[in-house]
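Please consult the sequence and structure below.

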Amino acid sequence: MSVQTTHDKLTLRIDGPVAAFSRIFTVAGNTLREAGRNKLFFGLLGVTILMLIFSVLLSDLALADQKIRLVTDFGLAVIPLVCIATAVLLGAVLLYKEIDRKTLYAILPKPIRRSEFLLGKFLGLSLLLFGQLILLAVCWAGVLHLRGGTFSMALAQALGLNYIEILLVTSAALFFSALSRPVLSGVLTLGVFLVGRITYVINDLMQATKGAFAEVPAMRALGRVLVAIVPDLSTFNIADELQAGVSLPPDYFVHATLYGLSWVGFFVALSLIVFERRDLV
Amino acid sequence: MAEQDDILALEHLGKTFRVGFWGTKVQAVRDVSLVLKRGESLGYLGPNGSGKTTSIKCILSLIQPTVGKIRLFGADPSNAAARARVGYLPEAPYFYDYLTPREVLDYVGKLYGLDGSTRKKRIPMLLDRLGLSHAMDRELRGFSKGMLQRVGIAQSLLSDPDLLIYDEPLSGLDPIGRKEVRELMAELRREGKSLFFSSHVLTDIETLCDAVCILDRGEVVAQGRLSDLLRMDKLESEALVELPLDTLETAKARLLALPGVELTEELGPVLRLRLPTDVVPGLTAAVVDARATLRELSQHRDSLEELFVQKAVHMVSSDGQRAPKAGSPE
C-alpha cells in the first residue's frame, strides 16, 4: 500500500512499491527517450535494414535451393550482432553520461533511491533493444517473404534466445558502466561477449589431450577461471541447430532463459552494490 | 523541542578523497559542525575549493562522509522521505537538454510522486513565476546559463519544500536576473522556507542570511549570526581628512594621537581614519586646529567582505599566492 506524505498543501506519494515502480518507469521512459534520439542507434538500425535488403540481392547469386537459406542465415547472424553492438555502445555510457553531464546531481537528491534510478536506466535500455530487435525481425520477415520464405516459430524462438543474450550483455555493460569510464567499460563488456561466445571452445580445448590449454598449467588455470566467471553465450545461439534442422526440446528454452536471467540478475545486483556505494563527486 | 526545530545538523563532518594514481589523501572537508533551524537562512561561504559543494553533496547523500554525522529533518540523508522535503539547486545546473522546461518539471514531479493534476497546475505557475512562461515548450539545448538557472530554481520549488539548498544560485545571472532571484529568495524566506545556500556574492548573503558559516580549505574559520560576526552594535566612523602640506607630519601626529583613531589608508596628504563615533567631536576640533580639511565623515560597520577576506584569505605571500596551511595536503 502506498503511504502518503502530506506536505503542506501538496501530497507527495513517495513510499511503497507503487511509488517505487512509478519512479523506475519514469527513469526508464526518459532513458528510452534519450536513447531514441541517439544518432548512433539510428545509424546502426538504418545500416542493418539496408544490409537485410541487400541480402535479397545477394541471394540472387545463390543456387535456387539456397536463396531462402542465405537470407535466413544472414538475418540470424546480423540481427543479434547489431543489437549486441548497440547494447555495448549505449550501455557503456549509460551511467557515465549522467555523471559527466551532471544531470545525475539534479535527479538523485530527489526522493528516488539509487537502485530505482539504476533499474530505470536498465529497463529503458532493455526496452529500446527489444524495440530494435522487433523492428529488425519485422524487416527480416519481410525480406524472407520477398524470397518466398516464411518467418517460422523456430526463428522467433532463436530471436527470443538472442534477446536473453542481449539482456545479459546489457547487464554486464551496466555493471562495468557503474564501475569505470566508457572506453574501459566498453572493452570489458565486449570481452565478456567475445569470451562468452567461445566458452564452449575453451572447454573443448581444456578437455583435449594436446594443446596449450591441455598441457600448460597456467593456460589451463586461465581457461578454468574464464569458464567460471564468464557466462556461456553459445547457449543462446541456436543458428547452427536451425541450419542443421535439429529441433531443440522445449525445456532447452526454459533452461537457457533461466540461465541467462540468472546472469542478468547477478550483473544487475553487482551494479546496484557498486552504484549504491559510489561517491558522485 | 529545540531539536525538532533543527532541520539540518552537521556534526563534525569530514570528507577525505583519494586522488591520483597513488591514491593520495586529500581532506576536502574537516570537522564541520553547524545547525540550521526552521525558518532560518544560512549562507555557506568560502573561496573556490574550500569544500562548500562537497559538504552540500554529503548533505544530499551524493557522497558519503568519511567521518561525522548529518541529520536532515532528524533522519539520515539517505532517507528518501527526508530528501523529499528539500529543494536542491546544483551549481551550474544541467538537465536533459532534449527536454523542455515543462518536461523537466514533469519528470521531477513524477519522481516526487505528484499526481497529474497537481503537476499540470503547478508547472506553468512556477515557470511563470521564474519568467520562463515564454520558453516553457522550448528545448533546453538553446538556453542561456541564466535561463537554465531559472529552470533549476523552478524544479527546486516544485514539491513546495521546507528547506532549499542552493549551490551558487546567483551565478550566471545577469544583473536583472540576479535581482529577481534575490527577491524570489527573500519572498521564499518570508513564506517560511529555510535556506541554505553557498555564494561568492557576499552582498547577497548579507541581504538574505541570518547566519553565515565561512569555510577555508575544508575548515570552518568563522561561524555565527551575522549581527554578531559583523559587530553591528559597535559604532565606528570613518573620516577622510586632507592635511596641509607645510605641517603634514605634525598634523598627522596630532590626529593619530586621538583615542581610538586608526589609520586605514594614506594617499599623500589624504588620510583615511577609522575612529569610535564618540571621538568624532574631538576629531573635528583637531582638524580645525591643524588647518586640515574634513572631506568625508561616515558611519562605518564591518562588511561581510572584510570578514571573509580576513578569515578566509588569511595568509597571502608576497607573490600573491596563498600559503598552504599546516597539515594541508596541498
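At 0% relative accessibility, C83(A) counts as buried, a term for residues under 20% relative accessible area with a 1.4 Å probe and protein chains only. The model is predicted: local features need pLDDT of at least 70, side-chain atom pairs count only at pLDDT 80 or more, and totals for chains, interfaces and linings use all residues. Residues are numbered from 1 along each chain as its sequence is written, chains are lettered from A in the order in which they are written, and side-chain values use heavy atoms, without hydrogens and water.

**Cysteines**
- The closest cysteine sulfur to that of C83(A) lies in C139(A), 11 Å away, which is too far for a bond.
- C209(B) is likewise in no disulfide, the nearest cysteine sulfur being that of C213(B) at 11 Å.
- C209(B) counts as buried because its relative accessibility is 8%.

**Fold of chain B**
- Chain B contains 12 helices and 13 strands, taken as DSSP runs (helices H or I, at least four residues; strands E, at least two).
- Its C-alpha atoms fill a box of roughly 80 × 50 × 45 Å along the principal axes.
- Of the contacts in chain B with a separation of 6 or more, 67% join residues 24 or more positions apart; a contact means heavy atoms within 4.5 Å.

**Burial and surface of chain B**
- Buried residues make up 51% of the 330 residues in chain B.
- The accessible surface of chain B, by the Shrake-Rupley method with a 1.4 Å probe, is about 15100 Å², and 52% of this belongs to carbon and sulfur atoms.

Methods:
Buried means under 20% relative accessible area, exposed over 50%, partly exposed in between (1.4 Å probe, protein chains only). A disulfide is a pair of cysteine sulfur atoms within 2.5 Å.
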